Amino acid sequence: RRIAILISGRGSNMVSLIEAASAADFPADIALVLSNRPDAGGLERARQAGIEALSIDHKAYSTRESFEEALDAALSERGIDFICLAGFMRVLTPWFVERWAGRMVNIHPSLLPLFRGTHTHQRALEEGVLVHGCTVHFVVPELDAGPIVAQAVVPVVPGDTEDTLATRVLAQEHTLYPQALRLICEGRARLDGGKVVFADVW
Ligand code: GRF
């Protein structure tokens, strides 16, 4: 598979995917990093790792659709067949999502279906949950609602702030996302009738 990672910011999950994929036995190549923000720190980190890094500034397009057409064209030109969203902060239209159905995953910093959307750590603290975590899921048109591929759990501990909790979750994201991508690329986790079917995992 030829994978593109879509980012908007620092790209720490992107780095963990690139590092994992550099192993000789990893079943996919990271062929492109694409950001909707030209100033995303992750772009430079991708280039340093020898990966093509491209920015397509959404502000240069008057509609969501025209931005996504440019995105889609850049992906097809490079023969990309799978997308990992990693801190990509644009909501994608049903058109784009359907086009990449079963071929696009996201990492979300909560135990879905709890805390869809933003500010997940703050909301977890407000709710007083004692466990929190992260989720890798296939992308469907409804935000953060797609079939779940993998989750990791962390404790919420007394004295936690948004930052300490985010840091604990992020450390788990960095191992979870490469594991989930490997499962998918080895055909051990696949979408079937809107659900994820696992094989040779447990
Ligand atoms: C991560 O917490 C990810 O779960 C969320 O956005 C953050 C991106 O961080 N979707 P990074 O850019 O990968 O460092």
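This is a predicted model: local features need pLDDT of at least 70, side-chain atom pairs count only at pLDDT 80 or more; totals for chains, interfaces and linings use all residues.
Trainee: Where does Val140 lie?

Mentor: Val140 is in the loop between strand S6 (131-138) and strand S7 (148-155).

Trainee: And what makes Val140 partly exposed?

Mentor: Val140 has 19 other C-beta atoms within 10 Å. Buried takes 20 or more and exposed takes 12 or fewer, so with 19 Val140 is called partly exposed.

Trainee: How far is Val140 from Ser8?

Mentor: Their C-alpha atoms are separated by 19 Å, and the two residues are 132 residues apart along the chain.

Trainee: On to His108. Why is His108 called buried?

Mentor: Count again: His108 has 23 C-beta neighbours inside 10 Å. The cut-off for buried is 20 or more, so His108 counts as buried. His108 is found in strand S5, and the UniProt record, an unreviewed entry, places the feature "active site" there.

Trainee: Which residues is His108 in contact with, leaving aside its neighbours within four places in sequence?

Mentor: Cys134, Thr135, His137 and Asp144.

Trainee: Which residues does UniProt list under "binding site"?

Mentor: Arg64 and Asn106, again from an unreviewed entry. Arg64 lies in helix H3 (residues 64-77), while Asn106 lies in strand S5.

Trainee: How do you know whether Asn106 is buried or exposed?

Mentor: Asn106 has 24 C-beta neighbours inside 10 Å. With the cut-off at 20 or more, Asn106 therefore counts as buried. Leaving aside neighbours within four places in sequence, Asn106 is in contact with Leu85, His137 and Val139.

Trainee: What about Arg64, and what is its label based on?

Mentor: Arg64 has 15 other C-beta atoms within 10 Å. Exposed would take 12 or fewer and buried 20 or more, so Arg64 is partly exposed.

Trainee: Let's do helix H2 (residues 41-48). Which of its residues are buried?

Mentor: Gly42, Leu43 and Ala46.

Trainee: Why do you put those three on the same side of H2?

Mentor: Because they cover an arc of only 105° around the axis. The face turned away from that buried side carries the exposed residues Glu44, Arg47 and Gln48.

Trainee: What do the buried residues of H2 pack against?

Mentor: Strand S1 (2-7), H1, strand S2 (29-35) and strand S3 (53-55). Just after H2, by the way, Gly50 takes a positive phi of about 80°.

Trainee: Which residues of the largest nonpolar core touch the most other members?

Mentor: Of its 48 residues, those are Ile5, Leu17, Val33, Ala86, Val105 and Ala180. The largest share of this core, eight residues, comes from H6. As for Val105, its contacts beyond four places in sequence include Cys84, Phe138, Ala180 and Ile184.

Trainee: Last topic, the ligand. How many residues surround the ligand?

Mentor: 15, and the closest are Gly9, Ser12, Asn13, Gly87 and Pro109. The elements giving two or more residues to the shell are helix H1 (12-21), strand S5 (104-108) and helix H6 (162-185). H1 brings the largest share, three residues.

Trainee: What is the make-up of the shell by class?

Mentor: Seven nonpolar, six polar and two charged residues.

Note on methods: Residues are numbered from 1 along each chain as its sequence is written. A residue is near a molecule or strand if its C-beta atom, placed from the backbone, lies within 6 Å of it. Helices (H or I, at least four residues) and strands (E, at least two) are DSSP runs, numbered from the N terminus. Ala, Val, Leu, Ile, Met, Phe, Trp, Tyr, Cys and Pro count as nonpolar, Asp, Glu, Lys and Arg as charged, and the others, Gly among them, as polar. The arc is that of the directions from the helix axis to the C-beta atoms. Two residues are in contact if their C-beta atoms, placed from the backbone, lie within 7 Å. A nonpolar core is a set of buried Ala, Val, Leu, Ile, Met, Phe, Trp, Tyr and Cys residues joined through C-beta atoms within 7 Å. UniProt positions are given in the numbering used here, feature names are shortened, and annotations may be inferred rather than shown by experiment.
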